Amino acid sequence: MSELAQQTPEGGTPIAGENPIYLKDPVLDATVRMVVELAAQVWIERERRMTLESLLEAQGTLSRAAIESFKPDAAQAAAFKRERARFIEDVFKELRRIPPTV
Amino acid sequence: MSAVPETLPALAERADAAYLDFVEGFREYILGKGADFEDRLNEALIAEQARRGQPWDDVEQIREYVHSLPLGRLRDRLSRTQQEMKWFALRRSFESQRAELLAELERYDARGPGRLELDPNFVHPPYVNVHFHLQPGGYYKDALSGYLYHYGTKVFFRGDNDHDELHAKLVARVPAPADGRVERILDLACSIGQSSTAFHRRFPSAEVTGIDYSAPMLRVAHRRAVMLGDKVTFAQRLIENTGYADGQFDITFAFIVFHELPLRIIHETVREAARVTRRGGIFAIYDFTGTRDKSPYQRYHRWFDARHNGEPYSQDFCDCDMNAILAAHGFEVAATPLGQRSGGAGYMTNWFATRV
């Protein structure tokens with residue numbers, strides 16, 4: 001464990017700092033965090049798709065073929081791009097937590 | 001389901017709820033049989049103990065051994081990660097609707113039934129300046145602390161307390177005083193008031209008061225109680241120095257607060273509870289079990305939580321003799337083991353003490 005301990009206001013167990021390294025190599029720590037984060041993102045997408053498919057099917061408003069052939073317009077494309085940036089930030093923000101020296 | 005008002009704050013997006021739903025499931029997986037860390041690491045610890053031919057002396061030895069195992073280090077990484085993910089998602093979701101959430105609290109502050117008593121001159125003692133459970137801003141520095149805590153504990157209890165089911169169950173187990181008189185109840189460190197409202201439902205004619213040092217928590221507690229139609233007073237006061245009159249309460253209650261207190265404050269709080277609880281009244285405590293007689297893994301887990309989950313005082317609490325402290329301050333304790341999972345990897349127990 002390479003992080004500095006922080007003393008508490010009144011005794012007890014010194015608490016770990018912001019970015020403890022558990023796996024001896026901070027790159028490995030970041031990799032594990034990214035894998036878990038990716039799993040969260042995959043679940044978010046799957047949950048949304050299941051919701052949408054259930055609604056669409058129940059309402060009889062859309063065929064699967066329409067989804068496959070969908071082309072976003074300019075505004076939609078820009079919104080997708082913003083979402084993509086948020087997705088990448090969520091997963092890969094861990095890279096900023098790898099300290100330059102250990 | 002009956003139409004129980006949803007008191008959990010709404011998240012900004014469906015994706016936020018799905019993210020936290022994942023964290024809840026992942027938490028269940030790594031704490032339970034999914035990843036099966038507990039049993040496998042405990043077996044390794046017991047085997048190593050046999051190999052060394054002597055029991056584990058202290059938690060430092062256990063820690064060293066767990067950290068020598070890749071599985072132990074990965075378990076720590078994942079435990080920390082799920083907690084960080086929870087707060088990351090909650091903070092982002094609430095931050096994007098901060099103004100609306102604060103306006104919502106303001107709408108409820110002056111409404112009844114029940115009332116909110118905040119102290120504009122309240123001074124926070126230094127020992128509370130900790131980011132308990134890694135909650136950003138701790139329990140009182142962010143005006144949204146109560147909302148963060150509410151959703152955070154929903155994830156912590158892994159679906160067992162979405163509508164205060166656990167609080168209702170634990171409050172139901174608290175014995176009434178032998179003479180049956182229950183007119184006033186005090187909920188110490190009530191946070192968002194889930195036990196307080198459960199007490200109001202169990203004893204509708206009693207006056208229930210919940211106290212806490214955190215104004216943001218108390219505001220959420222009050223909003224919840226108003227939404228639920230439960231008449232409870234929430235007041236900003238210190239549990240170790242409540243300011244209430246001697247012998248004023250028939251039941252004094254403390255749910256998982258003692259492990260968040262330095263030993264000095266544990267003693268002061270028990271002394272204060274003895275002062276404000278009438279003779280024959282009950283002081284009911286739910287909190288973590290001691291770890292001395294627990295498995296090596298449980299002892300390790302307590303150390304990990306203390307150091308890596310913002311619970312700096314919890315080890316001292318688990319090592320102290322609560323029975324002796326209660327007895328020293330005039331309580332008679334009935335031992336009634338609980339064996340309830342705390343929501344984390346640890347276990348809860350209870351002390352039901354009578355003021356003599």
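User: Which residues in H1(A) meet which residues in H3(A)?

Analyst: Some ground rules to begin with: this is a predicted model, where local features need pLDDT of at least 70, side-chain atom pairs count only at pLDDT 80 or more, and totals for chains, interfaces and linings use all residues. Residues are numbered from 1 along each chain as its sequence is written, while chains are lettered from A and ligands numbered from 1 in the order in which they are written. Helices (H or I, at least four residues) and strands (E, at least two) are DSSP runs, numbered from the N terminus. Two residues are in contact if their C-beta atoms, placed from the backbone, lie within 7 Å. Here, A:Met34, A:Glu37, A:Leu38 and A:Gln41 of H1(A) meet A:Phe87, A:Asp90, A:Val91 and A:Phe92 of H3(A).

User: How many residues does each chain put into the contact between chains A and B?

Analyst: Chain A brings 22 residues and chain B 28 residues. On the chain A side, H1(A) gives the most, with 10 residues. To sort them, count Ala, Val, Leu, Ile, Met, Phe, Trp, Tyr, Cys and Pro as nonpolar, Asp, Glu, Lys and Arg as charged, and the others, Gly among them, as polar. The chain A side then has 13 nonpolar, 4 polar and 5 charged residues.

User: Which residues have the most contacts inside the largest nonpolar core?

Analyst: A nonpolar core is a set of buried Ala, Val, Leu, Ile, Met, Phe, Trp, Tyr and Cys residues joined through C-beta atoms within 7 Å; buried means 20 or more other C-beta atoms within 10 Å of a residue's own. The largest core has 84 residues, with B:Tyr19 and B:Phe253 having the most contacts inside it. Its largest share, 8 residues, comes from H9(B). Beyond its neighbours within four places in sequence, B:Tyr19 touches A:Ala40, A:Ile44 and B:Ala89.

User: Which residues of S4(B) are on the covered face, and which on the uncovered one?

Analyst: In a regular strand the side chains alternate between the two faces of the sheet. In S4(B), B:Phe234 and B:Gln236 form the covered face, B:Thr233 and B:Ala235 the uncovered one.

Conventions:
Buried ≥ 20, exposed ≤ 12 C-beta atoms within 10 Å, placed from the backbone.
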